Amino acid sequence: VSALPAADWLALFGHFLLLSLLSIGGAITVVPDMHRVLVSQMGLLDDAQFSSSIAIAQAAPGPNVLFVAVMGYQAAGLAGAFATLTGIMLPSTTLALAVARWGDARREWRAVRAFKAGMAPLVIGLMLATGWILTVEVPGWRHALLTLAAAVLVWRTRVHLLVLVAAGAVLGAAGWI
Amino acid sequence: VPACAALAVVSFVTVGLLRWPLVGVLLALGAAACTFAWLRIRGQAAMEKGR
C-alpha cells in the first residue's frame, strides 16, 4: 500500500462523491465505473485486487458497501479508505435524509412513479455489468461457471446465500478455482 | 417488458462492455427511460379516465 499524491487523493475522493449520487440501486451498481477509474484510468489496483476487495467485503459480516473501504485501503491505505468510504456515503446519505420524506409524501405523483419505473431496468443492467466485469477480468473459466451456477441457484431456488458463500470458499480452498 | 429489457441491455452494453463513463450513461439513458415511463403512465391514466 503506497501513499497517494494529494491531487490523486482529491480526484479519488471527488469521483466517489459523484458515484455516490449515481448509485441508484446501491453501491454495487456503480462497480463498473469504480473499475474504470481505479483500474483502467488511475492504475491504483489490478483486476485481482479489485475483485478480491469486493469478495472479501461481501463475504464478511456487515453492510455490503464496506467493499468500497477495502478498495480504497488496497489503493492507498487508510487515506484511500477514508476517501472512498466518505465519498460514497456522504452525498447519498445527505440526499436520502433530505428527500426521503418529500418523496414518500409524493409517491403517487406521476414524476416520482416515472422516476422509479424508469430507473429500475437501468439498475438491472448495471448489476449485470458489475457481474460481468468481476467475472471477465479474471483469467480461466471455472470462476465464470461458478458465477453462472450461483446466479441460477439464487434465481430459481431458495438456497441461502451463506450456503453459496461457503461453497465458493470450499471450492477456492480446494484449489478448484 | 420489451422496452425494459432493451433499457437493461443498453445500460449493460454501454457500462459493462464499452466501459463508458457512468455519469453520461445515467444522465442520457436515465432521462430517456424516465420520460418513456412518464408517457406510459400518462397514457394509462388517460385510458382509465376514458373508460
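Colleague: How many residues does chain A have, and what percentage of them is made up by buried residues?

Modeller: A residue is called buried under 20% relative accessible area, exposed over 50%, and partly exposed in between, using a 1.4 Å probe and protein chains only. In this predicted model, chain A has 177 residues, and buried residues make up 33% of them. As to conventions, residues are numbered from 1 along each chain as its sequence is written, chains are lettered from A and ligands numbered from 1 in the order in which they are written, and side-chain values use heavy atoms, with hydrogens and water left out. Because the model is predicted, local features need pLDDT of at least 70 and side-chain atom pairs count only at pLDDT 80 or more, whereas totals for chains, interfaces and linings use all residues.

Colleague: Which helices and strands does chain A have?

Modeller: Helices (H or I, at least four residues) and strands (E, at least two) are DSSP runs, numbered from the N terminus. Chain A has 7 helices and 0 strands. Its C-alpha trace spans about 55 × 45 × 25 Å along the principal axes.

Colleague: Where is Ser53(A) found, and is it buried or exposed?

Modeller: Ser53(A) belongs to helix H3 (residues 47–59) of chain A and counts as buried, at 0% relative accessibility. Contact means heavy atoms within 4.5 Å. If its neighbours within four places in sequence are set aside, Ser53(A) is in contact with Phe67(A), Val70(A), Met71(A) and Gln74(A). For chain A as a whole, residues 24 or more positions apart account for 56% of the contacts with a separation of 6 or more.

Colleague: How many aromatic pairs does the structure hold?

Modeller: Rings of Phe, Tyr and Trp (its six-membered ring) pair if their centres lie within 6.5 Å; planes under 30 degrees apart count as stacked, over 60 as edge-to-face and the rest as tilted. There are 4 such pairs over all chains. One of them, Trp9(A) with Phe13(A), is stacked, with 5.3 Å centre to centre and 20° between the planes. These two residues are 4 residues apart in helix H1 (residues 6–22) of chain A, so about one helical turn separates them. Trp9(A) is partly exposed at 21% relative accessibility, while Phe13(A) is buried at 18%. Trp102(A) and Trp109(A) form an edge-to-face pair, with 5.8 Å centre to centre and 75° between the planes.

Colleague: Which ring does the charged end of Arg110(A) sit over?

Modeller: A charge sits over a ring if NZ of Lys or CZ of Arg is within 6 Å of the ring centre and within 35 degrees of the ring normal. The charged end of Arg110(A) sits over the ring of Trp38(B), 5.3 Å from its centre. Likewise, the charged end of Arg156(A) sits over the ring of Trp155(A), 5.1 Å from its centre.

Colleague: What area is buried between chain A and chain B?

Modeller: The size of an interface is often given as the accessible area lost when the parts come together. Buried area is that loss (1.4 Å probe), summed over both parts. Between chain A and chain B it is about 2100 Å², of which carbon and sulfur atoms give 78%. The contact takes 27 residues from chain A and 23 residues from chain B. The count of salt bridges between chain A and chain B is 0.

Notes. Buried area = accessible area lost by both parts, 1.4 Å probe. Salt bridge = Lys/Arg side-chain N within 4 Å of Asp/Glu carboxyl O.
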